[in-house]
Amino acid sequence: MNKLIKKIVNKKNKSKIICLTAYSKNIASEVDKHADITLVGDSLASVLYNYSTTRKVTLDNMISHAKSVRLGIKRSLMVVDMPYNTYKTNSQTLKNAKRIVKETKCDAVKLEGGKEIINQINFLIKNRIPVMGHLGILPQTVKGKFKSKGKTTKEKKKLINDAILLQKSGVFSIVLECVKTSTANEITNKLQIPTIGIGSSIHCDGQVLVTDDLIGLNDTKIKFVKRFINIKKYLNMGLRRFALEVKSKKYPQKKHSY
Ligand code: KIV
């Protein structure tokens, strides 16, 4: 097992796991100082491209962003989302995952779903591609409004069964997206591998957020997002200063000129 993956799995019941998204080098190099896992998420669909769904993201999109992210990472585990429609059969899944790993030098891939895609996950792991699971809200397959999961007995049962199935297949951790607190707690307690929550309560072994959301670069009103800093304020201070100095001919000075 990859050393970084081992370290993350060993954190279970010891210290919380930090996971953050990055879509390019400069953000990745800052994220890397704080995160155990840097995730190149297909959330870049809405954050960067204003797409209404992650279904529009292509394999080439993910690879291109992930290549840039790789340049910023020195210490964290790098995980890349496999986009919609790229893991329909075993052979397609392996071919695409191999391409992602080869071209981006990432450590693992993430796929959305449980029982429905367990054959593909088994196949990847058998072929030595590390996999992170993703249960709860599955943005690639949601139809209509996003609704939290694990509230009804049926949903809860399915989530628990899926989580156990994913663990058996050998995934090293599972993202739980918008799963009811008590269900996320039960899943986390039942598993030996860590759960990484997003809108799924304090009980998860770690937390993930979209970096652009938590730094206030992306405007969102999603319930689980907390804005830890308003980076736009600082960005605007710098940009305003540049504009003022250009207009007042204070910049560039001799030392900035050839
Ligand atoms: O695409 C993404 O960024 C994700 C996280 C929000 C878990 O899957």
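A: The centres of domain 1 and domain 2, taken over C-alpha atoms, are 39 Å apart. The bounds come from an automatic or database domain assignment, which gives domain 1 as 3-227 and domain 2 as 231-258. Keep in mind that this is a predicted model, where local features need pLDDT of at least 70 and side-chain atom pairs count only at pLDDT 80 or more, while totals for chains, interfaces and linings use all residues. Residues are numbered from 1 along each chain as its sequence is written.

Q: OK, helix α4 next: how far does it reach from its first C-alpha to its last?
A: Helix α4 covers residues 59-72, 14 residues, and reaches 20 Å, close to the 20 Å expected. That expected span is 1.5 Å times one less than the number of residues. Helices here are DSSP runs (H or I, at least four residues), strands are E runs of at least two, and both are numbered from the N terminus.

Q: Which residues of α4 are buried?
A: Met-62, Ile-63, His-65, Ala-66 and Val-69. Buried means 20 or more other C-beta atoms within 10 Å of the residue's own, exposed means 12 or fewer, and partly exposed is in between, with C-beta atoms placed from the backbone.

Q: And what covers them?
A: The cover includes α2 (25-31), β2 (37-40), α3 (44-49), β3 (77-81) and α5 (90-104).

Q: How do α5 and α6 cross?
A: Their axes come within 9 Å and cross at roughly 45°. Axes are lines fitted to C-alpha atoms, for helices over the stretch in contact, with angles from 0 to 180 degrees between N-to-C directions. The two helices are therefore oblique to each other; under 35 degrees would be roughly parallel, over 145 roughly antiparallel, 65 to 115 roughly perpendicular, and the rest is oblique.

Q: Which residues meet there?
A: On α5, Asn-90, Thr-93, Leu-94 and Ala-97; on α6, Asn-119, Gln-120, Phe-123 and Leu-124. Contact means C-beta atoms, placed from the backbone, within 7 Å.

Q: Switching topic: where is the cis peptide bond?
A: Between Tyr-251 and Pro-252, with omega about 0°. Pro-252 is in the segment after α10 (231-247). For background, most peptide bonds are trans, and most residues other than glycine have a negative phi.

Q: So what is the phi of Asn-85?
A: Positive, about 70°, although Asn-85 is not a glycine. Asn-85 sits in the loop between β3 and α5, and counts as partly exposed because it has 13 C-beta neighbours inside 10 Å.

Q: What about Arg-128, buried or exposed?
A: Exposed, with 8 C-beta neighbours inside 10 Å. Arg-128 has a positive phi too, about 65°, and lies in the loop between α6 and β5 (131-136).

Q: Last one: where is Val-171, and what is it in contact with?
A: Val-171 is in the loop between α7 (153-169) and β6 (173-177). Leaving aside neighbours within four places in sequence, Val-171 is in contact with Ile-121, Val-131, Met-132, Gly-133, Leu-166 and Ile-193. Val-171 is buried, with 23 other C-beta atoms within 10 Å.

Notes: Contact = placed C-beta atoms within 7 Å.
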